[in-house]
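Here is a short note to read beside the model. It starts from one residue and then widens to the chain.

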Amino acid sequence: MSFLSRLIGPRVRCDHCGRTYKPNLTDKALPSGGAVRRFTCPHCGTVTIVAVITPRGVELQKRIQDLDLSDRGAREALARLRAELKAEVRRP
Ligand SMILES: [Zn+2]
């Protein structure tokens, strides 16, 4: 089964210890300014990297978080930033 099909549904099976768990995704900052999105098996500590985010992608995420959605035009800005962000997030 591929990694992506294993991700569908609330639980994943650990490649290392074979136990299942609900992944808790976190972003870890890299010295480059980018980040990796990952989750850790609570049973054996195996880390699975889901996505690599470029430094520009991290900056775009911050801008998305800082958007005031009550502001006129913010929704358009959000759609544009999300489209830009997509190009800055890569599968490992
Ligand atoms: Zn494990």
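**Glu88 and its surroundings**

1. Beyond its neighbours within four places in sequence, Glu88 is in contact with Ile53, Thr54, Arg56, Gly57 and Leu60. Two residues are in contact if their C-beta atoms, placed from the backbone, lie within 7 Å. This is a predicted model, in which local features need pLDDT of at least 70, side-chain atom pairs count only at pLDDT 80 or more, and totals for chains, interfaces and linings use all residues. Residues are numbered from 1 along each chain as its sequence is written.

2. Glu88 sits in the loop between helix H3 (74–86) and strand S6 (89–90). Helices (H or I, at least four residues) and strands (E, at least two) are DSSP runs, numbered from the N terminus.

3. Is Glu88 buried, exposed or partly exposed? Glu88 counts as partly exposed because it has 18 C-beta neighbours inside 10 Å. The cut-offs are 20 or more other C-beta atoms within 10 Å for buried, 12 or fewer for exposed, and partly exposed in between, with C-beta atoms placed from the backbone.

4. Val47 lies 41 residues from Glu88 along the chain, and their C-alpha atoms are separated by 22 Å.

5. The chain holds three helices and six strands, in the order α-β-β-β-β-β-α-α-β. Of its 92 residues, 5% count as buried. Among contacts between residues at least 6 apart in sequence, 35% join residues at least 24 apart.

6. The chain has a radius of gyration of 16 Å, whereas a compact globule of 92 residues would have one near 12 Å. The radius is taken over C-alpha atoms, and the globule rule is 2.2 Å times the number of residues to the power 0.38. Along the principal axes, the C-alpha atoms fill a box of roughly 50 × 30 × 20 Å.
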